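Dear colleague,

Please find below the structure that I am handing over to you.

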Amino acid sequence: MADLANPVEAHYTSDDLGAAILAALQGLGKDIEHLTPDDLAPVDEFHGGQRPATIRLAELLGLTGAERVLDVGSGLGGPSRFLAWHYGVQVSGIDLTAEFVRIAEMLTRRTGLVGKVDYRQGDALDLPFEDASFDVVWSQNAAMNIADRDRLYRGMRRVLKPGGKLALQEVAAGPGGPPHFPVQWAREPAISFLFSAEVTRANLQEAGFRVVTWQDTTQEALESAARRARNTTGGSPPPLGTHLILGDDWQAMFKNSARNLEERRTELFNAILERTG
Ligand SMILES: C[S@@+](CC[C@H](N)C(=O)[O-])C[C@H]1O[C@@H](n2cnc3c(N)ncnc32)[C@H](O)[C@@H]1O
């Protein structure tokens, strides 16, 4: 594991992830110079429910193709490339983890999407963008590493145009108690910050958003997490998957994800919000 000062970045950084992804794709017979977002979806949609969850959130949002979108916590770039490829929108991604940003750029070149999607390394709490510069701010499974939600949501509001939309897929704290660790976003509680859906909703409203749609997706997430935990029991994951990102304890993470949802220690929601004022 790389020696990084920020514990969240250290959690997500592993050696040779880009090479491991390309080797897995080659093993599957893909032409790694000419990839599609579909080829990459098993590994670069790094959130609960993967590609189907991205489609679901995009459909809730209702993109026309003319929007300029900011993806906060863009990871390896799966959702941003899919939105650009499928809906034709222009996307900028920002992520704390420098290695993810490098890999996102490398995969974007290989999918021919340079010019439609760009990435930069940075902190969601200090967004390096002009006020009112995006039609949509999008974020999937990134806020659970961020304690200061007030600052996060106010920053998202600032970069949105008046009337702009915020599309969120987030993990929330459930009534069942603290999560079992390790999970995909944290090996220990020190970098995990979950809040209940009610607290999050109130926080968003205080930050200057109106709720357009709020959807509890815990049941769907549980089914998908339980399927994944079952399919990987026995230690032989498919060649291309998010286990490549997660390191040696990927099996425990998959198992805990399903268990946390089952015991309602975690919940998942989708929300579409509108910037007021
Ligand atoms: C579970 S991954 C999700 C990646 C991507 N949204 C996806 O769905 O494929 C969480 C991401 O949030 C990023 N992240 C966590 N805290 C952040 C922060 N303060 N600022 C920017 N990115 C952050 C991590 O580096 C990681 O890439």
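The loop between β5 and α8 is where Pro182 is placed. The peptide bond that leads from Phe181 to Pro182 is cis, with omega near 5°. Please bear in mind throughout that this is a predicted model. Gln50 is not a glycine, yet it has a positive phi of about 45°. Both features deserve mention because most residues other than glycine have a negative phi, and most peptide bonds are trans.

Seven strands form an open sheet with mixed pairing, in the order β3-β2-β1-β4-β5-β7-β6. The edges are held by β3 (117-121) and β6 (209-216); each has a single partner strand, so one side of each is left without a neighbour in the sheet. On average, and with direction ignored, neighbouring strands of this sheet are turned by 20° against each other.

Helix α5 (residues 78-87) touches β1 (68-72), β2 (90-95), β3 and β4 (134-140). The direction of α5 makes about 160° with that of β3. Helix α8 (residues 197-206) touches β5 (160-173), β6 and β7, and its direction makes about 160° with that of β6.

There is also a helix-to-helix contact to report. Helix α2 (residues 17-27) and helix α6 (residues 98-110) pack at an angle of about 35°, and their axes are 10 Å apart. From α2, the contact is made by Leu17, Gly18, Ile21 and Leu22; from α6, by Glu99, Phe100, Ile103, Met106, Leu107 and Arg110. By class, the residues of this contact are seven nonpolar, one polar and two charged.

Finally, the ligand. Which residues are the closest to it? They are His47, Gly73, Asp95, Thr97 and Ala124, out of 23 residues that surround the ligand.

- His47: 2.6 Å
- Asp95: 2.5 Å
- Thr97: 2.7 Å

The ligand taken alone exposes 590 Å², and the protein buries 98% of that. The shell around the ligand comprises 10 nonpolar, nine polar and four charged residues.

Yours sincerely

Key
Residues are numbered from 1 along each chain as its sequence is written. This is a predicted model: local features need pLDDT of at least 70, side-chain atom pairs count only at pLDDT 80 or more; totals for chains, interfaces and linings use all residues. Side-chain values use heavy atoms; hydrogens and water are left out. Two strands pair if DSSP finds at least two bridges between them. Helices (H or I, at least four residues) and strands (E, at least two) are DSSP runs, numbered from the N terminus. Axes are lines fitted to C-alpha atoms, for helices over the stretch in contact, and angles run from 0 to 180 degrees between N-to-C directions. Contact means heavy atoms within 4.5 Å. A residue is near a molecule or strand if one of its heavy atoms lies within 4 Å of it. A polar contact is a pair of N or O atoms within 3.5 Å; within protein, one must be able to donate a hydrogen and the other to accept it, and residues adjacent in sequence count only if both atoms are side-chain atoms. Accessible areas come from the Shrake-Rupley method with a 1.4 Å probe; for residues, only the protein chains shown count as cover. Ala, Val, Leu, Ile, Met, Phe, Trp, Tyr, Cys and Pro count as nonpolar, Asp, Glu, Lys and Arg as charged, and the others, Gly among them, as polar.
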